[in-house]
Amino acid sequence: MTTSRASNGDLRATGFTLIEALVVLAIVGLVAGLAYPSIERSRDALALRHARAQVGAAVTAARVAALRLNEPSALTAIERGSALLVTGGVRFPLGSDGRITAITKPTQILFYPDGTAGGGRIRLDAPQGPSDFLIDAGSGTFRTAGPSDA
């Protein structure tokens with residue numbers, strides 16, 4: 001910080017030197033650079049959590065549609081896997097940036113009016129790695145696939 005003499009002879013601070021300002025900028029840049037990877041990981045984790053919730057909502061919507069309409073309902077991955085579509089046009093987006101995609105096997109997972117389903121698998125591909133969900137043919141419910149479900 002620089003100083004100057006006031007009219008009465010007292011020293012007063014008048015501002016920052018260029019070196020002081022550059023040191024502060026360097027520290028701010030260093031902190032931001034160290035924090036960015038952590039923030040990015042948190043953002044990816046939140047996006048994956050949202051996509052998992054969307055898979056659950058889509059499966060529930062397809063099952064409820066079949067029960068309510070008393071006719072089969074289908075669940076399909078659309079738009080290169082960036083969304084899931086339930087019969088009737090209900091769309092469940094998995095993320096806005098396309099970093100999380102879904103693959104359904106078979107291509108259409110069918111849900112029937114008696115509460116059962118054709119069975120199948122939904123795989124979410126994300127930066128953190130894949131997440132698999134299984135659709136039980138007998139009950140039409142879904143669960144996260146474990147290592148023994150390969």
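Colleague: Is R99 buried, partly exposed or exposed?

Modeller: This is a predicted model: local features need pLDDT of at least 70 and side-chain atom pairs 80 or more, while totals for chains, interfaces and linings use all residues. Numbering starts from 1 along each chain as its sequence is written, and side-chain values use heavy atoms, without hydrogens or water. Buried means under 20% relative accessible area and exposed over 50%, with partly exposed in between (1.4 Å probe, protein chains only). R99 has a relative accessible area of 33%, so R99 is partly exposed.

Colleague: Which residue forms a salt bridge with R99 at 2.9 Å, N to O?

Modeller: A salt bridge puts a side-chain nitrogen of Lys or Arg within 4 Å of a carboxyl oxygen of Asp or Glu. At 2.9 Å, the partner of R99 is D44.

Colleague: How many residues apart are R99 and D44?

Modeller: R99 sits in the loop between β5 and β6, and D44 in helix α1. Helices (H or I, at least four residues) and strands (E, at least two) are DSSP runs, numbered from the N terminus. The pair links distant parts of the chain, with a separation of 55 residues.

Colleague: Why does D44 count as buried?

Modeller: D44 is listed among the buried residues of α1, including L48 and A51. D44 counts as buried because its relative accessibility is 13%.

Colleague: How many residues apart are E40 and R99?

Modeller: E40 is in helix α1, and R99 in the loop between β5 and β6 (101-105). This pair too links distant parts of the chain, and its separation is 59 residues.

Colleague: Which parts of the chain does the R91 to E79 pair tie together?

Modeller: The two residues form a salt bridge, with the closest N and O atoms 2.6 Å apart. R91 is partly exposed at 41%, and E79 is partly exposed at 45%. They are 12 residues apart in sequence, so the pair ties together strand β5 and the loop between β3 and β4.

Colleague: Which residue in the hairpin of β3 and β4 takes a positive phi near 50°?

Modeller: β3 (residues 73-78) and β4 (residues 83-86) pair antiparallel over 4 bridges; pairing takes at least two DSSP bridges. I78 has A83 as its bridge partner in β4. There are 4 residues between the strands, and the one with phi near 50° is E79.

Colleague: Which turn residue has a positive phi of about 105°?

Modeller: β4 and β5 (residues 90-93) run antiparallel, joined by 4 bridges. A83 bridges P93 in β5. Their hairpin has 3 residues between the strands, and the residue with that phi is G88.

Colleague: Where in α1 does the kink lie?

Modeller: The bend is the angle between axes fitted to the seven residues ending at a residue and the seven starting there. The kink is about 30° and comes shortly before the proline P37, at A35.
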